[in-house]
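Here are my notes on the model you asked me to look over. Have it open while you read, and jump to whichever point you need.

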Amino acid sequence: MMAAHSALQEGADVVLLEKNEKLGKKLYITGKGRCNVTNAGDTEELMQSFPRNGRFLYAALRSFSPADLQAALASLGCPTKVERGKRVYPVSEKASDVTRALQRGISGADIRLHSAVQALVMDNQQITGVLLEDGRLLPCRAVIVATGGLSYPVTGSTGDGYRFAHESGHRLQDRYPSLVPIELDDDWAKSLQGLSLKNVTLTLHIDGKKKFSEQGELLFTHFGISGPLSLSASCHLAGIDAQRVQMTLNMKPALTQQTLIARLTKDLQENGRKMLKSIMPGYLPHAMAELFPAIAGVEDTKFCNQITVQEREKLASVLQNIPLRFSSLRSFQEAVVTRGGVDVKDINPSSMASKHVKGLYFAGEVLDVDGYTGGFNLQIAFSTGFLAGMSAAEYINNQQS
Ligand SMILES: Cc1cc2nc3c(=O)[nH]c(=O)nc-3n(C[C@H](O)[C@H](O)[C@H](O)COP(=O)(O)OP(=O)(O)OC[C@H]3O[C@@H](n4cnc5c(N)ncnc54)[C@H](O)[C@@H]3O)c2cc1C
């Protein structure tokens, strides 16, 4: 939709082909229906929010920044507001208002729903049209592939664009689910299904190197962990073997190890004739407190006055480093984005044009670019879409003159 909008602004005749019965099906479910449409961070902050290929996005972000997006949406009747973490949402808090605004911006386009593209049509490495699934041929001089990735395929993103890219000679980087819940091998964690933790720190080491450490919220599920922390950590786990991963949970990130030991020492002394497990709820949510001595490898039936110095130190240490055994990532069905896709080396970053086929452009999640949560993925789609639309229209205008 954004690509169609900027191409229209440049004077192109635009046909928007959408295989669904309506536009922007995925947009409706973004940000839990509120649509975290972008992030108001500065360029440096944006760059740090793309784990890889951030530099490829510089030109696109310059041509259409988060501020440009906010201004465009406001002018199309959807003012926005900034929340915690510089996340930007529509003032109405309705994702449907973003779609409505974008639709207003493409009122001059020929919008064809229920129109799935089957293949690109080329002559001598130059776009001449697209073939629709119903067998009809639509002649055109430029095509922008903005078919999304593989995540949440029920919304229409079934990876068709990867096929178009491959068939027209572009390299593809392996695709993985990202921003996705994490499966664990720990039965104790699965038994805590439904337990939600706040202000805990999840830390990730791969091959001994720290890759991620953030404080926030985490949710235990029947398969492992979900929630904001696990989604962010998952960005680093695509394609990584479980043996290389070391994941730990700090239940007391605000305390130093010494403070924690001092507090434990005092509690153990004051409750000498009580069982160890009876004092753990002072440190952990009830469901977790019961399991904790076993997780730390200390007998839970021991009385507090029987706990040795080593055991006390172990309890303190494990409270701040509960090992979580990574098994795998959940599937594309549950992933917020797809990591991998059309290799950016085959795309010109200043226009989004293919380096191999004239008149062919790519935009959005189909490209091998992705970001953390916070509005960065939609900004990638909007910036690359805007630039691709503008460049495709310029290409056609230049052909005509
Ligand atoms: C649950 C969920 C919540 C999210 N929340 C946020 C958020 O709050 N903020 C954020 O920044 N990002 C969020 N994202 C990620 C963001 O939605 C995507 O990165 C973004 O929508 C990608 O845009 P796109 O235009 O590239 O692809 P899509 O939005 O997937 O659009 C691709 C379109 O192409 C159509 N299509 C595909 N193949 C064909 C074909 N062959 N012919 C015709 N049409 C075709 C599809 O039907 C679809 O409508 C969320 C994702 C999910 C799944």
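The points below go from the whole chain to the domains, the ligand, and then single helices and residues.

1. **The whole chain.** Bear in mind that this is a predicted model. The C-alpha trace spans about 90 × 40 × 35 Å along its principal axes. In secondary structure, I'd sum the chain up as 14 helices and 21 strands. Of the 401 residues, 42% are buried. If you take the contacts with a separation of 6 or more, 72% of them are between residues 24 or more positions apart.

2. How many residues are in contact between them? On the domain 1 side there are 6, and they meet 6 residues of domain 2. Sorted by class, the domain 1 side of that contact has 3 nonpolar, 1 polar and 2 charged residues.

3. **Around the ligand.** The ligand has 31 residues around it, and the closest are Gly-31, Gly-148, Gly-156, Gly-364 and Leu-378. By class, this shell has 12 nonpolar, 13 polar and 6 charged residues. Helix H2 (25-29) and helix H14 (376-400) each contribute at least two residues to the shell. H14 has the largest share, with 4 residues. Keep H14 in mind, as the name comes up again below.

4. **Helix H1.** Look at residues 2-9 next: 6 of the 8 residues in helix H1 are buried, so the helix is largely enclosed by the rest of the structure. The buried ones are Met-2, Ala-3, Ala-4, His-5, Ser-6 and Ala-7. Their cover includes strand S1 (15-17), H6, strand S9 (143-145) and H14. After H1 comes Gly-11, which has a positive phi near 90°.

5. Which residues of helix H5 (residues 66-75) are buried? They are Pro-66, Leu-69 and Leu-73. Viewed down the helix axis, the buried residues of H5 sit within an arc of 55°, so they line one face. As a reminder, an α-helix has 3.6 residues a turn, so residues three or four places apart point the same way. The other side of H5 has Ala-67, Ala-71 and Ser-75, which are exposed. Covering the buried residues of H5 are, among others, S2, S3, S4, helix H6 (95-104) and H14. Just past the end of H5, Gly-77 has a positive phi of about 90°.

6. S2 is joined to strand S4 (residues 87-90) by 2 bridges, and the two run antiparallel. If you want a pair to look at, Asn-39 stands opposite Arg-87 in S4.

7. **Two backbone angles to check.** Most residues other than glycine have a negative phi, and most peptide bonds are trans. Glu-93 is not a glycine, yet its phi is positive, at about 60°. You'll find Glu-93 in the loop between S4 and H6, where it counts as partly exposed because it has 14 C-beta neighbours inside 10 Å. Met-352 is also a residue other than glycine with a positive phi, near 70°. Met-352 sits in the loop between strand S19 (347-348) and strand S20 (353-354). Is Met-352 buried or exposed? It is buried, because 32 C-beta neighbours lie inside 10 Å.

8. **Tyr-372.** This one is in the loop between strand S21 (360-362) and H14. Tyr-372 counts as buried because it has 21 C-beta neighbours inside 10 Å, and the cut-off for buried is 20 or more. Leaving aside residues up to four places away in sequence, Tyr-372 touches Ser-49, Ser-232 and Cys-235. Phe-292 is 80 residues from Tyr-372 along the chain, and their C-alpha atoms are 32 Å apart.

Terms used
Residues are numbered from 1 along each chain as its sequence is written. This is a predicted model: local features need pLDDT of at least 70, side-chain atom pairs count only at pLDDT 80 or more; totals for chains, interfaces and linings use all residues. A residue is near a molecule or strand if its C-beta atom, placed from the backbone, lies within 6 Å of it. Ala, Val, Leu, Ile, Met, Phe, Trp, Tyr, Cys and Pro count as nonpolar, Asp, Glu, Lys and Arg as charged, and the others, Gly among them, as polar. Two strands pair if DSSP finds at least two bridges between them. Two residues are in contact if their C-beta atoms, placed from the backbone, lie within 7 Å. A residue is buried if 20 or more other C-beta atoms lie within 10 Å of its own, exposed if 12 or fewer, and partly exposed in between; C-beta atoms are placed from the backbone. The arc is that of the directions from the helix axis to the C-beta atoms.
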